[in-house]
Amino acid sequence: MRSYPTTTISSSLFSLFRRTRSLRSSAVVTPPMATTEDSLRQALADKQSTIDARGTAIRQLKSSGASKSEIDEAVKALNDLKLEKTSIENQLKASISGEGSGSNKEAFRQAVVNTLERRLFYIPSFKIYRGVAGLYDYGPPGCAVKSNVLAFWRQHFVLEEDMLEVDCPCVTPEVVLKASGHVEKFTDLMVKDEKTGNCYRADHLLKDFCKDKLENDLAMSADKAAELKHVLAVLDDLSGEQLGAKIKEYGIVAPDTKNPLSDPYPFNLMFQTQIGPSGASTGYMRPETAQGIFVNFRDLYYYNGNKLPFAAAQIGQAFRNEISPRQGLLRVREFTLAEIEHFVDPDDKSHPKYSEVSSLKFLMFPRDEQMSGQSAKVLCLGDAVSKGIVNNQTLAYFIGRVYLFLTRLGIDEKRLRFRQHLPNEMAHYAADCWDAEIESSYGWIECVGIADRSAYDLRAHTDKSGVALVAQEKFAEPKEVEKLVITPVKKELGLAFKGSQKMVVEALEAMNEKEAMDMKAALETKGEVEFEVCTLGKTVTIKKNMLSISKEIKKEHQRVFTPSVIEPSFGIGRIIYCLYEHSFYMRPSKAGDEQLNVFRFPPLVAPIKCTVFPLVQNQQYEEVAKQISRSLTAAGISNKKDITGTSIGKRYARTDELGVPFAVTVDSTSSVTIRERDSKDQIRVNVDEVAAVIKEVSEGRCQWTDILQKYPAHTSASADE
C-alpha cells in the first residue's frame, strides 16, 4: 500500500493543537525545580506562603512608618515573587494538560466539526425537529468514506484471511442475550436530577469533576490531587454505593440545574422490544454483532469442513441506549461494528502467518508500564510475544493486522497505541485483551478491541441451549487418556429437585475438571456443597449421595473440546471520526488573507477520487470533461464534474475541503492537467490516458512521486490559488 504525501502548515489550528510545552512556557526566569505535577503543586503552595508572609511584612513596615525606599524595595520583591508564582502556575498548567492547551484542542475540534457538518459528511439526525442526542446521519461524502473504509476492511480481513462472512438480524431474542450475560450485566450506573428527572452517567459526573479540579484548581494540595487521581484510576472498579458516596462527598450536583442527585442505580443499555403482536416474546436490539456468530458456530464449523482454526466476520448495526451521549460520533446510540471471531484450538494458539507481522514496531502500552506510571513505548511485536507481554501468536497476529489496517487508512502512527487491559478491566475468563487507541482532541479513544476471550462464549451458549458447540480432533491412533467421569444419581436428584432435575443434571455434567475435582473434595470433607445452576438462576445444595466423580483411563479415537476465540471488534464510527481529525489541516490562500480547509485522505478512503473541471466555460472543453468523466466511471473511479463558471482556484479549494486527492483540469482538447491535492503539483497527460493514471495511483499501485517522473510537469498560477 502506497504512502501518501502530507502537508504541515505552521499557521494551522492543528499546529496549535499539537504545539509543544516550550511554546507555552513563561518568560519569567524561575529557580530550577522538578517538573512533576506533585512537586509543582508543592512549590506553588510554598510560594503562596512566602507571598503571604511578605505581604504581612509590608503591612507592618507601613504601620511602623518605614521609609518610602524601604517599602518600595519590599513591594518590588513581592512583585518578583508573584511573577515566580505565575511561572509555576504556567508550568503546572502545562504539566496537567500535556501537549496543547484545552482551548486549542477545542478550537481545532470545532474547525473540524464545522467543516464536516457544513460539507455534509454527517449531521444530527432529525435536525428539523431539534434532533435526538446520540443519533447522526451520514451525508453523501460521509457515506462514501464509510463505504470505502468498510470495503478496505473486507479486503484486508475477510478476503486476505479467507474468513466466513455472515449477516445476522439486529433483533435478538432475550434467551440469547441472557446466555451471553447482557440482560443481567450490560449496565451503566445512572443518577437522576431529583427535581427535573434528567439522567446522567454517575461515573462520567465523577470523572468530569475530578478532571476539572485537577486542571483548574491550581491551589489544590498535592495530597488532594493524588486522591483525585486515585479516584480516576479506580473509577471502573467502584460499586454503586462507592460512586454515590464520592458524589456526596464532593458535593457533585446536576450540571445543568445544580439540583441534588439521586443515588446511583443500574440502567440496562439495551433497547428492549417485543417480537410478534402478542408481546409474549421479548427481544432486544443487539448491542454487538458477535452473538450471531457464536450461535451459528456449529453450522460454520461444518461449512469449513470441520476444521480449525477458522474465522467468521460480520459488519452491521449495533444499538446501545447511552445514558448521556456526547463527543459526537464517538458515543452514539446506533453505530456500525465490524467484528471477527477467530476460533482456535485452546492448546495451540500459534498462527501460520505470524512471521509476516512479528517484525512490526509501534507504540504499545503494557499493563506493567501503566501501573508503574510510565508512558507507552515503541516495541517490536515479536519481542512482546517472546517476553510474554502478549499472550499468544494469534492474538499478536491480529494486533499487527489491526495496526496495518489503521495506518493504511490514514491514521497517524505516532498517535496510535495498543494498550493492554489492566487486571481490573479484564473479565475473569479472558486470557489477554488489548485496545487500539487513537489520539484525538478528546484524548485517547478506544477504537478497536482485540481480546482472547478463551472458550467463554461457546460454553455459555452450550449451557443455555443444550446444543454442544464443540470441535473435534481425530487421532491417527487411539490414545489412552485419563477421563473425568461425572455420574449423577438421578433418583436422588429427582427426589431433591423434582421438575428442575434435568437442568441440575446438565449443569453438573457440564463442569470442567477443576470444578468437578473441587466439588469432589468438598463432598468428601463436608458431605454437601453449594452449586450454582445458571439455567435456574439460583444456587442449589448438592449432597454426597447425589453423584459420583472419578477419573478413569479410557481409549479415545478423538478429542472433543470447546474452541477459544480471538475477537477483534472495530468501532467504525470512532475510527472514521479519528481519521477526520488526523486528516484535517489548514493552509493559507495565495493572497494570505484566509485559511483554507483540507482533508488529506489517502485515495483509498477519499469520498471522491477525482474531480474534472473545464478551465473556462467552453463547449469543446465541457465535452472533453464529460468524456473523461465517463472513462473514469467505467474504470470504477468515483468522480465529480464541475462546469460552473467559478474560478479554478475556488473549485480547487472546494474539492480540497472534501478531501479529493486529484483534480483534472481541461485546458485543451488533446491533453489535460492532473493536480495532486497536498503538494499542488501538476502534470500534463493525454486525454485518453487520464483514467489509467488516476486508477493506478488511486489503487496504490504506484505513488504520486512515480507519476511525477513519468509525465511532464505543468506550472500554472492557478495551482496556487
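Residues are numbered from 1 along each chain as its sequence is written. In this predicted model, local features need pLDDT of at least 70 and side-chain atom pairs count only at pLDDT 80 or more, while totals for chains, interfaces and linings use all residues; side-chain values use heavy atoms, with hydrogens and water left out.

Visitor: How many helices and strands are there in the protein chain?

Guide: Let's begin with what gets counted: helices (H or I, at least four residues) and strands (E, at least two) are DSSP runs, numbered from the N terminus. On that basis the protein chain has 24 helices and 28 strands.

Visitor: What share of the residues in the protein chain is buried?

Guide: Buried means under 20% relative accessible area, exposed means over 50%, and partly exposed lies in between (1.4 Å probe, protein chains only). The protein chain has 721 residues, and the buried share of them is 48%.

Visitor: How are α5 and α20 placed relative to each other?

Guide: Axes are lines fitted to C-alpha atoms, for helices over the stretch in contact, and angles run from 0 to 180 degrees between N-to-C directions. The axes of α5 (residues 140-159) and α20 (residues 572-583) come within 11 Å and cross at roughly 115°. Angles under 35 degrees count as roughly parallel, over 145 as roughly antiparallel, 65 to 115 as roughly perpendicular and the rest as oblique. The two helices, α5 and α20, are therefore roughly perpendicular.

Visitor: Which residues in α20 do the residues of α5 meet?

Guide: Contact means heavy atoms within 4.5 Å. From α5, the residues taking part are Gly 142, Val 145, Lys 146, Val 149 and Leu 150, and in α20 they meet Ile 572, Ile 576 and Tyr 580.

Visitor: Is His 156 buried or exposed?

Guide: His 156 has its place in helix α5. Leaving aside neighbours within four places in sequence, His 156 is in contact with Glu 161, Arg 401, Leu 404, Phe 405 and Arg 408. With a relative accessible area of 0%, His 156 is buried.

Visitor: What is α17 to α18, parallel or oblique?

Guide: The axes of α17 (residues 490-497) and α18 (residues 501-509) come within 9 Å and cross at roughly 130°. That makes the pair, α17 and α18, oblique.

Visitor: How many disulfides does the structure hold?

Guide: A disulfide is a covalent bond between the sulfur atoms of two cysteines. Here it is counted as a pair of cysteine sulfur atoms within 2.5 Å. The number of disulfides in the structure is zero.

Visitor: Which cysteine has the sulfur nearest to Cys 702?

Guide: Cys 702 counts as buried, at 11% relative accessibility. Cys 702 is in no disulfide, and the nearest cysteine sulfur is 14 Å away, in Cys 610.

Visitor: Where is Pro 264 found, and is Pro 264 buried or exposed?

Guide: Pro 264 is in the loop between α10 (240-249) and β7 (265-268). Beyond neighbours within four places in sequence, Pro 264 has contacts including Leu 189, Met 190 and Val 191. At 14% relative accessibility, Pro 264 counts as buried.
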